[in-house]
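The tour below moves from one selection to the next.

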Amino acid sequence: MPKKKDQKNKYIVLDGKQRLLAIEQFLSAYYDNSQEFKLKGLTVYPELNNKTPKEAFDLLSKRTGVEDFDGFENNTIRAVFIRNWPTNEYLYQVFNRLNTGAVQLSPQELRISLYPGKFTDYILDKSSNVEILNLLQLSEPDKRMRDVELVLRFFAFHYFLKDYNGKLKMLLDKTAKTLNDDWISRENELNESFNQLIEAIKFAREVFTEKLLFVKPNSSSKSKKIILVLFESFTYYFAIPEVRENIRSIAGYKDKMKIMYGNLFSDSKFLEAIESHTSDREKVILRFEKIASAINGILAKGATSYKVNSPLVISQVK
């Protein structure tokens, strides 16, 4: 448990968060006499299975004549504390070395602790939007925070693509820190950007249908797990209202967009950019350029002069 540098008597849990939360929930259920939290899978005291915490301790106390809960509550939880750690990267290295258990934790769980703030709270809340959950085939917020990281990835590429140096973790960390720091002055702007992300996902579903939504055409995978780098690239452009508006103005735009999508995957360089070393800056820029060019091919069929100029800038061409 590293000690937070900027907050007295505050610590970051690198390993053991689930165990601590389980103990907290167990104690809360005992004090509240909750009927929702029940024990299961016990082999030493199988008679306590399906008992609430209070029922279990009452039964043990009757058997032993001793108030067992007092002993449980007074037990010491041992922990290792890290002080004077040099950088956040150091904590990520410790995190990765500890993270070898059966249930793998995600870097996003650590990022939430390292970069607390209003923006972090915001994406924690907004990631439960039904469009985000549906995209990840979730019925509720993800325990590994894949939904939160998905939203963060959008903001990272939306605002800081020009600064990307090929290290995705650094980009996500920078996004979290910067937008937390800027929250007061940019709250309305960031909220509007999130709204446009939701519209971008809806538009992608509209033109690609569920069958093609950020996956490879003719994919044999039954799960249809989205390809994150496709999500990042397409939502970058589809989050701009003018892009959606101009594409929708073209006759037969849905069929044209499906054909465009399929044609991208016949490009060997594009395939390489979404399959190997996907975080390399060159691969990232290539993906954006290829998709920008494909969108321009669709826009050229319309009556307007609107086009994508580069992977970084979208503007109205006079």
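Helices are DSSP runs of H or I with at least four residues, and strands are runs of E with at least two, both numbered from the N terminus. The model is predicted, so local features need pLDDT of at least 70 and side-chain atom pairs count only at pLDDT 80 or more, whereas totals for chains, interfaces and linings use all residues. Residues are numbered from 1 along each chain as its sequence is written, and side-chain values use heavy atoms, with hydrogens and water left out.

**First selection: Glu 149**

Select Glu 149, which lies in helix α8; this helix covers residues 146-160. Is Glu 149 buried or exposed? Its relative accessible area is 17%, so Glu 149 counts as buried (under 20%; exposed is over 50% and partly exposed in between, with a 1.4 Å probe and protein chains only). Leaving aside residues up to four places away in sequence, Glu 149 touches Gln 108, Arg 111 and Leu 172, where contact means heavy atoms within 4.5 Å.

Move to helix α5, residues 107-114, which contains Glu 109. With a relative accessible area of 8%, Glu 109 is also buried. Display Arg 144 as well: a polar contact of 3.1 Å joins its side chain to that of Glu 109. Such a contact is a pair of N or O atoms within 3.5 Å; within protein, one must be able to donate a hydrogen and the other to accept it, and residues adjacent in sequence count only if both atoms are side-chain atoms.

The axes of α8 and α11 come within 10 Å and cross at roughly 50°. Axes are lines fitted to C-alpha atoms, for helices over the stretch in contact, and angles run from 0 to 180 degrees between N-to-C directions. Leu 150, Arg 153, Phe 154, Phe 157 and His 158 in α8 meet Leu 228, Phe 231, Glu 232, Thr 235 and Tyr 236 in α11.
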